[in-house]
Amino acid sequence: KEAPGWYKAIVGLNGAVKYGKTILSPTTQLRNLYSAAFFPMANGHFDYSHMKKAATAMKAYIDGKPGGAREYHMEHVKSGLLHNTPNAGILQDMLDDGESIFRFYDNMSTMGGVMGDTKAGIDKMNKWAQKFYRAGDDFWKIIGFENELASLMEAKGGTREQWTKEAARRIRNTYPTYSQTGALVKALSKFPLVGTFVSFPSEIIRTNINIVKLIQSDFADPDLRPLAIKRAAGLAIAHSWSFAAMGVSAMLVGITDEEE
């Protein structure tokens, strides 16, 4: 049964507010970029020489220019590896559900003159903001993919083409991926009285479970055992570094537990 108009309006307005706090917020854009670095760490993807390839692909995506880097990026979009982040996906769904409340904005382009030019300018800014937000997640996913692919080829032999699908599957399972988010979580994320982004913490739970499962399965395979050990080390570092940093900094400046 289709939701009533008043509920669609609430969902749309709620989505618009959250959109402004994330996609249109420079602070959140930056935080999204550096915080996503913990997913390669948790998976033991320590080879950061792939950053250049990831940066080139993201630049090609943002610029929209054709070429090898753009084709490389589009291949991963088609496979579901990229453009598949939980927060951006939820926001777009919320805006789509409440699109009727933006009817006036949609009709601005037909008005011509200042109204039409204003909408064109807003659309252009909005498009760039969306691209940068997606790039913040996709940059690290490419690094993770190239790490995983290189590790599989080194452990098992074979060609890049042979292991591409398996590497992409592993990244989708162990990095936040919107298409892997359950229907119930997606529905809760849109509900106005529930927390801002339920989908992201749910993805943290899903990916951590899958990382542990992958460590177990790889450890059972003698060829993949080095991958399991490296991933286990990365998971331990990702979950302990902040507590360790807090303890060291408190010790250096002489703050006791009682003072804290």
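User: Let's start inside one helix. What separates Glu-203 and Arg-206 in helix α11?

Analyst: Glu-203 and Arg-206 lie three residues apart in α11, so about one helical turn separates them. One thing to keep in mind as we go: this is a predicted model. In it, the two side chains form a salt bridge, with 2.7 Å between the closest N and O atoms. Both Glu-203 and Arg-206 are buried.

User: Which residue forms a salt bridge with Arg-169?

Analyst: The general idea is a side-chain nitrogen of Lys or Arg within 4 Å of a carboxyl oxygen of Asp or Glu. Arg-169 meets Glu-166 in such a bridge, at 2.8 Å from N to O. These two are three residues apart in helix α9, so here again about one helical turn lies between them. Next, look at their accessibility. Arg-169 has a relative accessible area of 36%, which means that Arg-169 is partly exposed. Glu-166 is at 21%, so Glu-166 also counts as partly exposed.

User: How many salt bridges are there by this rule, and which residues are linked in a network?

Analyst: The count comes to 12 salt bridges. The network links Glu-148, Glu-166, Arg-169, Arg-170, Asp-218 and Arg-231.

User: Where in the chain are Lys-156 and Asp-221?

Analyst: Here the pair to look at is a salt bridge between Lys-156 and Asp-221, whose closest N and O atoms are 2.8 Å apart. Lys-156 belongs to helix α8 (residues 113-156), while Asp-221 sits in the loop between α11 and α12 (225-253). Lys-156 counts as partly exposed because its relative accessibility is 35%.

User: Now for helix packing. At what angle do the axes of α9 and α11 cross?

Analyst: Two packed helices are described by the angle between their axes and the distance between the axes. For α9 (residues 160-174) and α11 (residues 199-219), the axes cross at roughly 135 degrees and come within 7 Å. The two helices are therefore oblique to each other. On the α9 side, the contact is made by Arg-170, Arg-172, Asn-173 and Thr-174. On the α11 side it involves Arg-206, Thr-207, Asn-210, Ile-211, Leu-214 and Asp-218. By class, that contact has two nonpolar, four polar and four charged residues.

User: Which residues of α4 meet α5, and are the two helices parallel or perpendicular?

Analyst: The axes of α4 and α5 come within 8 Å, crossing at roughly 90 degrees. These helices are therefore roughly perpendicular to each other. Lys-53, Thr-56, Ala-57, Met-58, Ala-60 and Tyr-61 of α4 meet Ala-69, Arg-70, Tyr-72 and His-73 of α5. This contact has six nonpolar, two polar and two charged residues.

User: Which residues touch the most other members of the largest nonpolar core?

Analyst: In soluble globular proteins, nonpolar side chains tend to be buried together. The largest core in this model has 26 residues, and those touching the most other members are Met-58, Phe-139, Trp-140, Ile-142, Phe-145 and Leu-152. The elements giving two or more residues to this core are α4 (51-63), α8 and α9. Of these, α8 gives the most, with eight residues. A second, separate core has seven residues, including Met-41, Ala-42, Ile-211 and Ile-215.

User: And what is Trp-140 in contact with?

Analyst: Setting aside neighbours within four places in sequence, Trp-140 is in contact with Leu-33, Ala-36, Ala-37, Pro-40, Tyr-48, Met-51 and Tyr-175.

User: To step back, how many helices and strands are in the protein chain?

Analyst: The chain has 12 helices and zero strands. Buried residues make up 40% of its 260 residues. Among contacts with a separation of 6 or more, 71% are between residues 24 or more positions apart.

Technical notes
Residues are numbered from 1 along each chain as its sequence is written. This is a predicted model: local features need pLDDT of at least 70, side-chain atom pairs count only at pLDDT 80 or more; totals for chains, interfaces and linings use all residues. Side-chain values use heavy atoms; hydrogens and water are left out. Axes are lines fitted to C-alpha atoms, for helices over the stretch in contact, and angles run from 0 to 180 degrees between N-to-C directions. Helices (H or I, at least four residues) and strands (E, at least two) are DSSP runs, numbered from the N terminus. Angles under 35 degrees count as roughly parallel, over 145 as roughly antiparallel, 65 to 115 as roughly perpendicular and the rest as oblique. Contact means heavy atoms within 4.5 Å. Ala, Val, Leu, Ile, Met, Phe, Trp, Tyr, Cys and Pro count as nonpolar, Asp, Glu, Lys and Arg as charged, and the others, Gly among them, as polar. Buried means under 20% relative accessible area, exposed over 50%, partly exposed in between (1.4 Å probe, protein chains only). A nonpolar core is a set of buried Ala, Val, Leu, Ile, Met, Phe, Trp, Tyr and Cys residues joined through side-chain atoms within 4.5 Å.
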